[in-house]
Amino acid sequence: MEQIKGYSYGDSALDKSPITLQDLDLLKKTLLWSKDDERYLNMAGKVLQDQTDQVLDLWYNYVGSNEHLLYYFTVDGKPDERYLAAVRERFKQWVLDLCNRPYDQAWLDYQYEIAKRHHATKKNKTDKVDSVPIIHFRYIVAFIYPITATIKDFLAKKGDSPQDVEGMHNAWFKAVTLTALLWCYPYVQQGEF
Ligand code: HEM
């Protein structure tokens, strides 16, 4: 597999997530996570495997047509194409990781890494760009809806039954909510997460 620039999933040098596997279990329980969700996510992984470019076209079109969002990819007020392109490759991989990876310690640790990459702790460092310093917290949460709503048509493209499409979509919604909330960690004060 071609190496994705800046993608360091499973790297032993990553910081350990401050959230434990026990915390993760309780979060999943809170999200009404079930064995069916795992099965449906794996199914979604197969359905989305060869569609990640089209998915990213749609999401980048959405970001690109919203100046207040594109702002987070700008350097000196202009969108940085190199930055956008580098993040796009990791974003494509994230779609597949969300569906296919086991949610274990390595997964948790990479969620912590991505959290820091959105926050001032580490934004811009991976791609060595001089862009704006932080993605504001409010948009991390707001993104859950568009990332969820827009995936449905892609999940329906491979002829699965409406019931299976619904199952995949529901599991995707839970998985996106789970990741986005893990990425909120650096934004809240110690002891408040
Ligand atoms: C990075 C997904 C919210 C802008 C990334 C990456 C993924 C991702 C997968 C690459 C991670 C990696 O380095 O491996 C998501 C999801 C979000 C979300 C699922 C919410 C549910 C946002 C928002 C913005 C944004 C609201 C603002 C427009 C960026 C930027 C980077 C990035 C600028 C690069 C950060 C860096 O410098 O390393 N995002 N994102 N993201 N995202 Fe998000």
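In the predicted model, the protein chain comprises 10 helices and two strands. Read from the N terminus, the order of elements is α-α-α-α-β-β-α-α-α-α-α-α. The radius of gyration of the protein chain is 17 Å, close to the 16 Å given by the globule rule for 193 residues, so the chain is as compact as a globular protein of that length. Along the principal axes, the C-alpha atoms of the protein chain fill a box of roughly 50 × 35 × 35 Å.

An unreviewed UniProt entry lists residues 22-192 as "domain: Globin-sensor". Within the model, this span is 65% helix and 2% strand, and the C-alpha atoms at the ends of residues 22-192 are 17 Å apart.

Helix α2 (residues 35-48) packs against helix α10 (residues 162-182) at an angle of about 100°, the two axes being 8 Å apart. Since angles of 65 to 115 degrees count as roughly perpendicular, α2 and α10 are therefore roughly perpendicular to each other. On the α2 side, the contact is formed by D36, D37, Y40, L41, M43, A44 and V47; α10 contributes D164, G167, M168, A171, W172, K174 and A175. Classified by residue type, the contact of α2 with α10 contains nine nonpolar, one polar and four charged residues.

Helix α2 also packs against α5, with axes that come within 7 Å and cross at roughly 150°. This angle falls in the range over 145 degrees, and α2 and α5 are therefore roughly antiparallel to each other. The residues in contact are L41, N42, A44, G45 and L48 of α2 together with V95, L96, C99 and N100 of α5. The contact of α2 with α5 has six nonpolar, three polar and no charged residues. Residues L41 and A44 of α2 take part in the contact with α10 and in that with α5.

The ligand is surrounded by 25 residues, of which R90, W94, R117, Y139 and F143 are the closest. Elements giving two or more residues to this shell are α5 (81-100), α6 (105-118), α7 (137-142), α8 (144-149) and α10. Among the elements, α5 gives the most, with four residues. By class, the shell around the ligand consists of 17 nonpolar, four polar and four charged residues.

Terms used. Residues numbered from 1 in each chain as written. Predicted model: local features only at pLDDT ≥ 70, side-chain atom pairs only at ≥ 80, totals over all residues. Axes fitted to C-alpha atoms, helices over the stretch in contact; angles between N-to-C directions. Parallel < 35°, antiparallel > 145°, perpendicular 65-115°, else oblique. Contact = placed C-beta atoms within 7 Å. Nonpolar A, V, L, I, M, F, W, Y, C, P; charged D, E, K, R; others polar. UniProt positions renumbered as here; feature names shortened; annotations may be inferred. Near = placed C-beta within 6 Å. Rg over C-alpha atoms; globule rule 2.2 N^0.38 Å.
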